[in-house]
Structures are given as structure tokens and as C-alpha cells.
Amino acid sequence: MNNMIHTFTMLCLIVRKELYKYSNVCVKRFSKILGFLALWLSCAVNIVHAETLTSGAVITGIEFFTTNPSNGKAKPGDQVTVKFNTVGVTQTPVVTIAGQTALVTNTGIDTWDAVRTMTSSDPNAPVAYAISATDNLGSPGSASGNSDITFSSAEPPKPTITSISKLNSLGYTQEKQPSVSGSADPNSLLTLYLDGVKLAEVTTRPSGYWTYTFATALAEKEYVLTATATDSYGNISSLSNEKKFIVDFTALPPDIKTLTGLNGAGYTPINKPVVTGTSEPNSTVRLYINGAKRTELTADANGNWTYTFIPVLADNTYVLTATALDLASNLSQYSAPFNAIVDTKNPSIPAPPVIPANGYCPDNTPTYGGVTEAGATAVVIIDGVSYGPVTADENGKWEITIIPALLDGERNAKIKVTDKAGNSSESTEVKVIIDTVEPDKPGLPVAEDVTVEYGETVVNTSYPTVHGQAEAFSTVEVRADGRKDGEVLADDKGYWRYTFQSQLSDDTHNITVTATDRAGNTSDESDILKLVVVADKLHAVIDLDGVFEKTFLDNDFLVTAVSNSPEIITFTSSNTDVATIDSHGRIHIVGAGSTEITASHIEDATYTSAQTTKTLVVHKATQILTYKDMVEMERFGSRYSPAATTTAPLELKLETSNPFVVKVEGTTLIPQGIGLATITVNQPGDKDYLPAQASFEVSVGDPSSRDIVVSQVLTPNGDGVNDLLRIEGLVKYPEHHLMIVNRNGVPIFESRNYNTLDPTSPADAESFTGTTKDKGNLPEGTYFYIIEYMKSLELKKQTGYFVIKY
């Protein structure tokens, strides 16, 4: 409508202008009429826009535009344009927008654009305008008023981010697509940024509340969320507060790393080992042993954690596993199993190296062996040098050959075995003499009771006696015609003497000898003694047979003696304190030890006399100890006798491992305090009986079922009685904490390793003796204690008091 009126008005003005050129009065009057009509139409248009119009130049068709996307609004930086028409205006009109001069451009015949960029100094109000123009007749005209565009430069309030779904107090959420919410300027456009990158846009509600749920799953990491708000004018708020959060929906299983003392075979000799591992930083680690929960602990900021096993672990096979509860409350899977075998016992003491009975060895690369635990290692130590190691097979057998070769001489040898856990035991040390050199050739044998006939050595017996010289202590083998007849031991000067045991025929015989030293090295054969035998009697020989190794208390037994002579054989014993023998060869054992049993007969017309001796060894008898089953004893309760006896007619002795728990008087047990004690029954044996020993455990409890009993009196005067604070039963709870305070509650003593002089207390344990480092002896009076201790993984607490007196 306005455009039509504007067009018609322009036509009227153009026609008026052309008619005005003519001088005809009628024409001029008509042109004036058209002028008035155009003025009226123009006024009609201005009335429609509510403009203030002054007379003179005609300003029509005023319209307003802004670059702000929101219709009818503008903010700093937006351009406001006033479009308008004029009639008969040839000079550029002057236009102000919001009080400031605008840039005016002629866009056509009597059409104009006035443009101005709004600034933050402009008033927050409808945008005012003013137009001034002069027509070609010199008549001024103007128009002014408020446009239909409202300006605002006010920054909307900074939005807030208040919550993230399932966010815990530590800033963690398990949500992969969490929801966030907050408040901002009502009906504003909220822009969310994640780690500084635009995430999404959300329109706030009339109340200012807004919410957003992540459209895609987030990775596990830490995020920073911020936001700005844009109002309807396009003004953008300051950046909101930072909302940090960590997305964590999985927990990594812990990793058990080490266990003190654990070797490559999976063994440790430590029964209070320290286990270490890693987990997510600051996570709660739950440690399990053989499937049972042992403890909970917290990993440090680097994810490291450690635990010391208290109370100690028994020797056994263990499987350690762990789970982790991370800061987002995710519970991990179990860790990989960590296997360990606790073995604190030393292997059985090995037997010493086996050497010849005389201690001599002819081999300078000897081989030693033995039996120990399967899989244990063994070494042979000779003069401090270790040979080996070797590993025992599945049956515990092992063998080591000494290389390089040993030098001849006396050596000290022992065996050391080490089990898979590293526990070791050593045998007793034995002496061995390495001798690899053969003796010198013995001297020529010399026959006794000889005559020399025609240059020949003649004897008148079929059992001649010969003697000679060889290496001292060597074994001399006597041969006749290359056949061994027997052997004899040379004395410390090398002298030997031998009577043939086999009958030599009347003939000439070649007699030779060899010498074998104590190491078993044999010399070359001696030179030959040619001996002529011309005999007159037969040689008698006695064969003595039977068992010559017995034990004291064995029954009587028989030995037999047979001779090739018909003479009667008689028997004798060299030591009747060990055994006696009758004329029939019946032996009666009298005591332990050794005796020589001799069978002999006299000569007769045909046979020589004869004698044979064998050594009878009688071992000591074994004692058998017996005692009654023990009962649970009560602290300071009734005495008890275990009625210990032995099968030997000998006196027994009882000993206690812990006199603070059980005291021994003779063969009677007297309960003293709470705890365990080992009672040992000893019998040292005598000349006829082996020593014997037996032991059993005695448990002493409290009648009122108390775990711990604290002495109520402390008299630290050095008399050996109540000089330290006695705490019965505490040794059974190595994981404990003792605190002693005075009447004012001031701590004066604290210990986690308390010693009550119990023999089983740790060597580095502490005791309270009524003194402190800084104050010396404490005054007499009443003091109070607090004891916390772990019993079956449960924390127990006991409080009470005691009195110090001098």
C-alpha cells in the first residue's frame, strides 16, 4: 500500500514539475493542485510509519533493516540501515542513527540508504533516527523518530555447569554418554565446548535450565567442559566455569610383581615376605591368597602397592591373586595368578662324603654322591673350594666327580645341600688322604726256620713262615708260585711276618710278595724267594663261622668252629664285660662293646696246632620313651605329670622351651602363663643304651579365656623380679601395637614389636622397664595401656592399667 502511494506521489511531483515550465496560469494552478496532492499523500505515508515530518522537502517510504539474524534487534557490530525516498531533493540528506551520523548513499531516483554500525556505547533502547533534506526549491524537510529495531549491548550472565550424571566426589563417572546440566540466561542459545572444541548447542528453557546428553560414547580419559550463552540479540556471555570430569568405565586388573626371596623355581625361604605390585593409581587393591581375601590396601599415586604378610605364612604352596577397585568404583577382573612356595625348613643334614674306612683314597678325581630333597642342589666342598653344583633327581639322588684333579695329601671334605627355596644344610667335615703313588717294590721275602742244603733254602714244614720289609702300614700279599695264599699288615716300620695258610707240597716253590698302601695303590712284585719244602706234619686250619654283629639285649646265640684236625676245639672271649662263650660255642651278651672270640686246638702227631679269631661287635640298645597325652593346662592351675618312662633302667630329665609358660620340677609340669611351650624328655644313654629324646607341645590358657594378660605391677629395681612389664600371650600375635600413657593421657611408650623375655620373642623386640629416653625412671603411680592386635584377621583391642613401684 505504502509503495503504491509512494509511486503515485512521485508521478504527481514529476507532472507538477513539467507543468510548472509553462506560463499558462491554468496550467500553473493545476500544477499547484498536484503539488498539494503529493504533499497530502506523502503525509499519509509518514503517518503510517509514525514519523515526525516537517514541512519543506518531502521524505517518504522510510524502512529499517539490520544485519542481526533476529528480526528487529541489533547488537554491537551489527549494521542498521534506514531506507527512504525524497521528492525534489538533489543534495545528499543528513541522517543520524542512534544519535550518530550515518553513511548516506543515493541508490536511485530520490531513493537513499543510510547505514551505521552499532557500537557498545550506543544506548540499550529502540534505535532512534533523524533525516534532514532540502528540495530543489530550497525548502528544507526532516523526519525523525524511533525505528522498529531495538539495540542491546548487555552481555548475558555467564552460564554455569552444575552436574554430570553419576559423577562421584572424586570427579569420576562410569557413564560413556553422560548427561550434563546447568543454568544460563533464559531462552538463550547455550554453546558447549569439550576440551575447547565446540560440542553442541542447546536452547535454555524459560527458567534458564538446560541439559545435554552426549550423542556418542566418550573414550576413557579426563575432559574439561565449558559453555557460553548467546542472547536473542546475539550478545555472547563470558566462558562458564570449567567442569572437569573423568570417564572411566573399566578397571585394569592389578599386576603382582615380586615376592621377597622368590627364586626362579617359585620358592621363597621367607615366611613373612613382602609382596609388591602395580594397579591403577590410588585404586583399592584386594589381595587374595589361595582364594581367600587377605587384606585391602591402597595403591599410591604412581599405582605402586606393597604388603607384608603378618602373621607369618606356614610352609605351603600359595596362589596370590588380586582385584582393583578404581576411583570410579569399577571392579577389575582378577589378576594373573602369582604362584609361590614358602619353604623355611632346612633340608636334612646330608651324610658326609663316603671315604675308605682308613681315610685313604687312591683317586684324585673321586666321585661323591648322596640323597637329599628332589630338586635340591648339592656341592662338595674340599678345603673350602666348592665342586658342583648338581641338581638331585626326582628321587633325590645326586653325584659329583671332582674335577680338576686333587693334589696328593690330606684334604678336608664336606657336603652342602640347598633346597629349592635356598635353605641349606651342611654335613660334618671328614678328612681324606689322596694318595695316587704306588708303593716301592717290597724287599725279598725271608723264610724262617730254614736250613741250607746244597745252596737251597729248605724248610721242614708245609706251612712255612716268611717275613720282610714293605711300605709302613701297607697290606702285604704273599704268593706261592703266583697264587695268593694270604695277606698281612706291615707295621709302622714296614716289617711284616706271615705263616702260610695253605699247605705247601714237598717241592720247590717261588715265593713273592706285593705291597698295597692304605690308598689301594699296589707295588710291583718283589724278587723271588726259592723255597724248598720238606714237611713232617700237616697244617691244621680252623674255620670259625657265625654272626659277629649284635645289639645289647639280644638273645644268646651259637657260633661254629670246624678244623681238619681231630683235636677238640676250645673257645675264649677277650672281654667278658661284653660277652662270654661256653665250650659249645654259645655266646651270652653282657654289655655293649667289642670282644675277640677265639677258637683253638693243640697239635697232635699228624697236625699242627691251630687258632682263629674273629671280632664280635655288640651295639648299644635303643631306648623307647613313652608319656601320657597332654591336656590343656590353665594359667597357674594344677600341676601335671606326663608319666614319662623309658625301656632302659635309666633316669629321665624333662626340659621346657619356655619357663614363662611352663616350669619343670623333676618330672612335674607347673603352668605359669598363657602360651605354648615344648617339653623335651631326655635320656643321654650309657655304655649299653643309645641316647633317647622325645618332645611334645603344652598349651596353657587363661581360665577366663583372655588372649592376653598384662602384669599389674612393675618394680624396676634390678632384682630380677617384675623388672619389665610382662605381657603374657602377646608373642602369639606378632601384628600388635602397644601404647602406654600416664594419668594425663600423654604417651610415654609405644611398640609394635614388644618383648616379654619370652624365648620365642624376636631378637630385636623392645621391652618396657619403667624408663624413657628423655626422662629416665618414671615416677611411681598408675599407668594405662592400650593393646591392639590381629587375631584371625580381626582387629582386637584390650585396655587396662598397672602400677609402678620401687
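I started with serine 237. Serine 237 is buried, because its relative accessible area is 6% (buried means under 20%, exposed over 50%, partly exposed in between, with a 1.4 Å probe and protein chains only). The model is predicted: local features need pLDDT of at least 70, side-chain atom pairs count only at pLDDT 80 or more, and totals for chains, interfaces and linings use all residues. Residues are numbered from 1 along each chain as its sequence is written, and side-chain values use heavy atoms, with hydrogens and water left out.

Where does serine 237 lie? I find serine 237 in the loop between strand S17 (222-230) and strand S18 (243-247). Strands (E, at least two residues) and helices (H or I, at least four) are DSSP runs, numbered from the N terminus. I then listed contacts (heavy atoms within 4.5 Å). Leaving aside neighbours within four places in sequence, serine 237 touches Glu155, Pro156, Pro157, Lys158, Pro159, Thr228 and Ala229.

Next, the sheet. I read an open sheet of five strands with mixed pairing, in the order S12-S18-S17-S14-S15. Strand S12 (172-173) and strand S15 (197-203) stand at the edges with a single partner strand each, so one side of each is left without a neighbour in the sheet. Two strands pair if DSSP finds at least two bridges between them. S17 and S18 pair in the antiparallel sense over four bridges. I noted one partner in S18: lysine 243 bridges to leucine 225.

I checked the UniProt record. Its unreviewed entry lists "domain: Bacterial Ig-like" at residues 171-248, 261-344, 360-436 and 447-531. UniProt positions follow the numbering used here, feature names are shortened, and annotations may be inferred rather than shown by experiment. Residues 261-344 are 0% helix and 48% strand, with end C-alpha atoms 11 Å apart. Residues 360-436 are 0% helix and 56% strand, with end C-alpha atoms 10 Å apart.

Then rings. I count 14 aromatic pairs (Phe, Tyr and Trp rings, the six-membered one for Trp, with centres within 6.5 Å; planes under 30 degrees apart are stacked, over 60 edge-to-face, the rest tilted). Phenylalanine 768 and phenylalanine 802 have ring centres 6.0 Å apart and planes at 70°, so the pair is edge-to-face. The two are 34 residues apart, with phenylalanine 802 in strand S69 (residues 794-804). Both phenylalanine 768 and phenylalanine 802 are buried. Ring pairs link Phe749, Tyr754, Phe768, Tyr783 and Phe802 into a cluster.

Last, charges over rings (NZ of Lys or CZ of Arg within 6 Å of the ring centre and within 35 degrees of the ring normal). Lysine 73 lies over the face of tyrosine 233, 5.0 Å from the ring centre. Lysine 550 has its charged end over the ring of phenylalanine 557, 4.7 Å from its centre.
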